[in-house]
Amino acid sequence: MTPSRPCGHAGLVEDLYERGLLDETWRAVWHAVPREPFIPRTAWRQGPVRCEPLTSEADRLALIHADEPVVIQVDDGEPGGPGVATSSNSQPSMVARMLCLLLVDGGHRVLEIGTASGYVAALLSRRLGDVAVYSVEIDPGLAHHAAATLRAAGYTPNLACADGAWGWPDEAPFDRIVATCALRTVPHQLVRQLGPGGVLVAPLVRGFWSGALVQLTADGTGQASGRFQGGAAYMPMRAHRPPPPPPVDQTSRRSVRARVDPRELLTLGFALYAGTRLPGVRMVHADRADGAQVWLQDEDGSAATAVTGEDAYEYGARGLWGEVQRVRDEYVALGAPGARDFGLTVSDRGQQVWLHDPGRVIEPAPLSEPVR
């Protein structure tokens, strides 16, 4: 007789283990640290338009024991807002991926950026010991919740209520740094707080990127470099939230031939390449029954939109759809590399995205002549 599969938290952990996301050591840690105590009584599920409150204990537990994020704050905690998620207990499989990439070992000191519920700090404390774990949270309400919940669960890592973009310089250097919020750029001060050979794991988000996970290793000279490790959807660090886009001049609309299907723009590999070649350009998309629609916009209000099987439309002074098609041609000529073929180097001179090795830096494309 086949033994029945465990349910609840144990079932979630076994699912992550069977998927290869936990090794034996992390498997034991996760079993010892249930997720449920770290989720506030008031929590939400991310809906298609806004966050939806969990109205019953059964709904709350079902979501907690699923491989799904649980939203623990909306609208920065302000009442009467639109219901936009501003903090969550992240999707367990993503947490497991990030902790695997962090390559922690006994004796390592770890800094976490974004304490949120306190759950990741608890996992790290169980693995490494409280004294080796440091965690920073910018939101006072979340910081208070995490501290109280960690204490109740028997963990006492080092906690601070501060802007995680600055790290924790007084306690540096660290062997590992993990960000549980998305960064537009990796702050160089975090790299400076890594010891030689130290590892930083963080989700990045740019205008063109739906979210990408990067793993960097510090060389001891104030520089860190490493490859992208697939997609990762996280809420942005507060200091890294993008400004609202400028208005678009609808009267400048013009039709252009679309020789690229918008669906061809939706891979993470292309997003990493195009986001570097076309800095300042944002792209959002929507799936359709027969394809996809994309919307592109730059910082000056030029824009373009295209739908599978139809002409594209451009707005403003810039021929944005034409530029994206040319960049797509470049990407295909390079062999349509995947996300893990790209990497990032961060130094005191800024950061550079590269292809295959750090010497092959991708430079921004020249701006096209304005449309007349």
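This dialogue goes through how to read several features of a predicted model.

Me: What should I keep in mind about numbering and confidence?

Reply: This is a predicted model, in which local features need pLDDT of at least 70 and side-chain atom pairs count only at pLDDT 80 or more, while totals for chains, interfaces and linings use all residues. Residues are numbered from 1 along each chain as its sequence is written, and side-chain values use heavy atoms, with hydrogens and water left out.

Me: Which residues of helix α1 are buried, and against which helices do they pack?

Reply: Helices (H or I, at least four residues) and strands (E, at least two) are DSSP runs, numbered from the N terminus; buried means under 20% relative accessible area, exposed over 50%, and partly exposed in between, with a 1.4 Å probe and protein chains only. In helix α1 (residues 8-18), the buried residues are H9, G11, L12, V13, E14 and L16. Contact means heavy atoms within 4.5 Å, and these buried residues of α1 pack against α2 (24-32), α3 (57-64), α4 (92-102) and α5 (119-128). After α1 comes G20, whose phi is positive, near 80°.

Me: Is H188 buried or exposed, and what does H188 touch?

Reply: H188, found in helix α7 (residues 188-192), counts as buried because its relative accessibility is 16%. Leaving aside residues up to four places away in sequence, H188 touches G222, V346, S347 and D348.

Me: How many disulfides does the structure hold?

Reply: A disulfide is a pair of cysteine sulfur atoms within 2.5 Å, and the structure holds zero of them. C51 is in no disulfide, and the nearest cysteine sulfur, that of C181, is 17 Å away. C51 is buried, with a relative accessible area of 4%, whereas C100 counts as partly exposed at 44% relative accessibility.

Me: What is the strand order of the open sheet, and which strands stand at the edges?

Reply: Two strands pair if DSSP finds at least two bridges between them. The open sheet of five strands runs in the order β12-β16-β15-β14-β13, with antiparallel pairing. Strands β12 (254-256) and β13 (282-288) stand at the edges with a single partner strand each, so one side of each is left without a neighbour in the sheet. Axes are lines fitted to C-alpha atoms, for helices over the stretch in contact, and angles run from 0 to 180 degrees between N-to-C directions; the twist averages 20° from one strand to the next. Helix α9 (residues 320-333) packs on the sheet, touching β12, β14, β15 (303-307) and β16 (312-315), and its direction makes about 115° with that of β14. Strand β13 pairs with β14 (residues 291-297) in the antiparallel sense over seven bridges, and D287 stands opposite A292 in β14.

Me: Where is the cis peptide bond, and which residues have a positive phi although they are not glycine?

Reply: The peptide bond from A172 to P173 is cis, with omega near 10°, and P173 has its place in the loop between β7 (158-161) and β8 (174-179). L103, which is not a glycine, has a positive phi of about 55°; L103 is found in the loop between α4 and β5 (110-113) and is partly exposed, with a relative accessible area of 48%. A336, also not a glycine, has a positive phi of about 50°; A336 lies in the loop between α9 and β17 (342-347) and is partly exposed, with a relative accessible area of 40%.
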